[in-house]
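Take the fold first, then the sheet, then the helix across it. Single residues come last.

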Amino acid sequence: PKGVTVADLELQRDDLDLKRAKEIYDEFGCLMVRGLNRAYVESIRKHADEIFAQAVTMMEEGRLTEVVNDGMALGWVTPDQTLFIPAPAGHVRNKQVMVLGLDYFTGASMFQAATDTTTLDVVQSLLGSPNIELFSKGQCFYKEGITQAQSAGGIEGSMLETGAVKDVSSTVGGKVGGNPKYLHQDSAYFMFGKQ
């Protein structure tokens, strides 16, 4: 809605009102709880950096497999399940990390963040039920800082038709480097997405 600010959508973990959280969610369809995962961020970051270094080593050793889904090349995956996509021009490698092989099964801090008592209280409040469970195994996107990039890297919309993986021109807008996230609907990824 017009005139809605971030302040209208946010609460603080240290002063959390679950009734207000539910009201915000019901009105706007979203909610931000500042500081919700503060206790876990540093250990998740440390583990992410370790997995990143491990994945880059595997990639450089040639231990990666091309990923093709419905005839479309999505990138390459290492044995630890880290997904690489084309890197932007000017990057130190021709591939960059998009999703790390770090999830609830391999990262204790990620699991702890997802099952934190306050997090569960918020989810129970929003759903109106104590019957909740984790879906799937979580995901860790990883943005490499690319200061010398001359393009965006990654996958662009036209590749959906051709199945080709290539670099994306810097004319896509915004700053170059990292990897673009196009408007999409995550529910299509889930097993019930096509039911």
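Of the 195 residues in the protein, 33% are buried. Buried means under 20% relative accessible area, exposed over 50%, and partly exposed in between, with a 1.4 Å probe and protein chains only. The model is predicted: local features need pLDDT of at least 70, side-chain atom pairs count only at pLDDT 80 or more, and totals for chains, interfaces and linings use all residues. Residues are numbered from 1 along each chain as its sequence is written, and side-chain values use heavy atoms, with hydrogens and water left out.

The protein has six helices and seven strands. These are DSSP runs, numbered from the N terminus: helices are H or I with at least four residues, strands are E with at least two. Along the sequence the pattern reads α-β-α-β-α-β-β-β-β-α-α-β-α. Contacts need heavy atoms within 4.5 Å. Among contacts in the protein with a separation of 6 or more, 55% are between residues 24 or more positions apart.

Now the sheet. Five strands form an open sheet, in the order β3-β4-β5-β6-β7, with antiparallel pairing. The edges are β3 (65-69) and β7, each of which pairs on one side only. Two strands pair if DSSP finds at least two bridges between them.

Look at β6 in this sheet. Strand β6 covers residues 95-100, and six of the six are buried, so the rest of the structure largely encloses the strand. On one pairing, four bridges join β6 to β5, and the two run antiparallel. F84 has V97 in β6 as its bridge partner. I85 has Q96 in β6. On another pairing, two bridges join β6 to β7, again antiparallel. There V99 stands opposite F141 in β7. In a regular strand the side chains alternate between the two faces of the sheet.

Next comes the helix. α3 lies across β5, β6 and β7 and runs at about 135° to β6. Axes here are lines fitted to C-alpha atoms, for helices over the stretch in contact, and angles run from 0 to 180 degrees between N-to-C directions.

Which residues of α3 are buried? They are Y40, A48, I51, F52, A55, V56, M58 and M59. An α-helix has 3.6 residues a turn, so residues three or four places apart point the same way. The cover over the buried residues of α3 includes β5, β6, α4 (108-114) and β7. Just after α3, G62 takes a positive phi of about 85°.

Rings of Phe, Tyr and Trp (its six-membered ring) pair if their centres lie within 6.5 Å; planes under 30 degrees apart count as stacked, over 60 as edge-to-face and the rest as tilted. By this rule there is one aromatic pair. The rings of F52 and Y142 have centres 4.8 Å apart and planes at 20°, so this pair is stacked. It links distant parts of the chain: F52 is in α3 (residues 38-60), Y142 is in the loop between β7 (140-141) and α6 (159-162), and they are 90 residues apart. Both F52 and Y142 are buried.

The charged end of K95 sits over the ring of W76, 4.5 Å from its centre. The test is that NZ of Lys or CZ of Arg is within 6 Å of the ring centre and within 35 degrees of the ring normal.

S125 is in helix α5 (residues 117-127). Its relative accessibility is 17%, so S125 counts as buried. Leaving out residues up to four places away in sequence, S125 touches L18 and K22.

The other two have positive phi. Q81 is not a glycine, yet its phi is about 75°. Q81 is in the loop between β4 (72-77) and β5 (83-86). At 48% relative accessibility, Q81 counts as partly exposed. S136, also a residue other than glycine, has a positive phi near 65°. S136 is in the loop between α5 and β7. With a relative accessible area of 53%, S136 is exposed.
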